[in-house]
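Please have the structure open as you read.

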Amino acid sequence: MKLFYTFCISLLSMPLLAQQVNDSLLLYYPFDGNAIDNSGNGYDGALSGATLTTDRNGNSNSAYHFDGVDDYIDWPNVSALKPQLPISYSFWMKMDDISEPNAIVTSDFLQNDYHGTHMLVRANTADMTLVYGTGGGCTGSACARSKIGSTSLSAGVWYHVVGVIRGANDMDIYIDCVNDGGSYGGSSNNPMAYSTVAGSVGRKDSHTFNPPYYFHGSIDDLAYWNRALTQQDVEEICQNGIVGIDEKYKLVHVEVYPNPSNDVLNITAGNASFQSIRIYNALGQNVLEVPYSTVLDISQLPSGIYTAQLTGEQQAVTTFVKR
């Protein structure tokens with residue numbers, strides 16, 4: 001009975017975890033065929049050159065590719081997207097080339113002699129760098145605070161990245177769910193400042209004479225928060241991704257039968273659209289993950305109580321008992 005009680009508490013907490021991650025979410029671009037903001041705030045991106053490509057899971061038209069020359073996606077130039085600290089970013093990226101700086105995301109960018117808030121991968125050393133500008137009319141370290149990660153990244157590899165800025169010497173970079181450590185830089189004592197231009201995905205310009213940095217590679221699932229993500233948030237994103245709060249992403253009702261079942265579980269979901277099924281045991285361990293089907297073979301599972309999490313264009317959670 002105690003095990004079943006613990007299981008029920010875990011089940012009830014699953015939607016709450018998603019809501020916690022969504023707290024203070026400013027924008028979220030799943031890039032599933034478009035640059036529509038799925039945070040519920042309506043801050044859709046404006047495409048310029050970036051083209052749809054295959055994502056990290058092999059799904060076509062589910063990420064955007066940037067050519068490193070002039071491709072980018074702007075988000076709206078509104079005050080809500082220029083918050084004061086703390087702020088956080090999360091995204092997936094794969095670089096095609098590390099011989100030049102790859103600018104991934106910035107809250108304001110194309111203004112000479114101005115350091116915007118941004119994340120980029122430095123050329124040659126290929127480490128992730130998180131920076132916020134403090135104004136002052138310059139582009140050097142005297143007008144910024146930064147943190148440089150410790151991992152040297154490689155071209156052709158998908159990485160999940162989280163950047164959290166709380167203050168001048170209080171930043172975190174996570175690479176594939178692990179805190180990347182690193183070192184701090186910049187000498188400004190001023191607070192974070194914004195220019196008057198829009199934020200962007202895939203380019204930045206803080207130089208007086210040099211051209212902008214453009215990202216060369218693919219980006220997916222980009223999100224931006226007006227708060228500091230916690231370790232628990234990062235773990236939740238790494239395990240389950242970000243659940244958009246658009247209507248099509250809300251939990252829908254499904255039925256499973258027979259329940260209890262010995263070998264086969266039938267799933268009735270009406271017109272709901274799913275892509276995969278994850279099965280968790282009573283300890284919260286992921287014990288099975290398969291493409292979505294209305295008939296699920298559970299013959300290899302030990303007897304017990306399980307959670308089935310259905311994911312795709314919609315989400316559903318249900319329970320069943322294996323005899």
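With which side chain does the side chain of Gln309 make a polar contact? The partner is the side chain of Tyr280, at 3.3 Å.

## About the model

This is a predicted model, in which local features need pLDDT of at least 70 and side-chain atom pairs count only at pLDDT 80 or more, while totals for chains, interfaces and linings use all residues. Residues are numbered from 1 along each chain as its sequence is written, and side-chain values use heavy atoms, with hydrogens and water left out.

A polar contact, as used above, is a pair of N or O atoms within 3.5 Å; within protein, one must be able to donate a hydrogen and the other to accept it, and residues adjacent in sequence count only if both atoms are side-chain atoms.

Gln309 is found in strand β24. With a relative accessible area of 9%, Gln309 is buried (buried means under 20% relative accessible area, exposed over 50%, partly exposed in between, with a 1.4 Å probe and protein chains only). Strands here are DSSP runs of E with at least two residues, numbered from the N terminus.

Strand β24 belongs to an open sheet of four strands, ordered β22-β21-β24-β25 with antiparallel pairing; two strands pair if DSSP finds at least two bridges between them. The edges are β22 (286–291) and β25 (316–322), each with a single partner strand, so one side of each has no neighbour in the sheet. On average, neighbouring strands are turned by 20° against each other, direction ignored (axes are lines fitted to C-alpha atoms). Inside the sheet, β21 (residues 276–280) and β24 (residues 304–311) pair in the antiparallel sense over five bridges, and Ser276 stands opposite Thr311 in β24.

## Salt bridges

The whole structure holds nine salt bridges, each a side-chain nitrogen of Lys or Arg within 4 Å of a carboxyl oxygen of Asp or Glu. One of them joins Arg278 and Glu289, with the closest N and O atoms 3.4 Å apart. Arg278 sits in strand β21 and Glu289 in strand β22, 11 residues apart. Arg278 is buried at 18% relative accessibility, whereas Glu289 is partly exposed at 46%.

Another pairs Arg56 with Asp220 (3.2 Å, N to O). Arg56 lies in the loop between β3 (51–53) and β4 (63–67) and Asp220 in strand β18 (residues 216–225), so the pair ties together parts 164 residues apart in sequence. Arg56 is partly exposed at 28%, and Asp220 is buried at 1%.

Finally, Asp23, Arg227 and Asp233 are linked in a network of salt bridges.

Terms used
Axes are lines fitted to C-alpha atoms, for helices over the stretch in contact, and angles run from 0 to 180 degrees between N-to-C directions.
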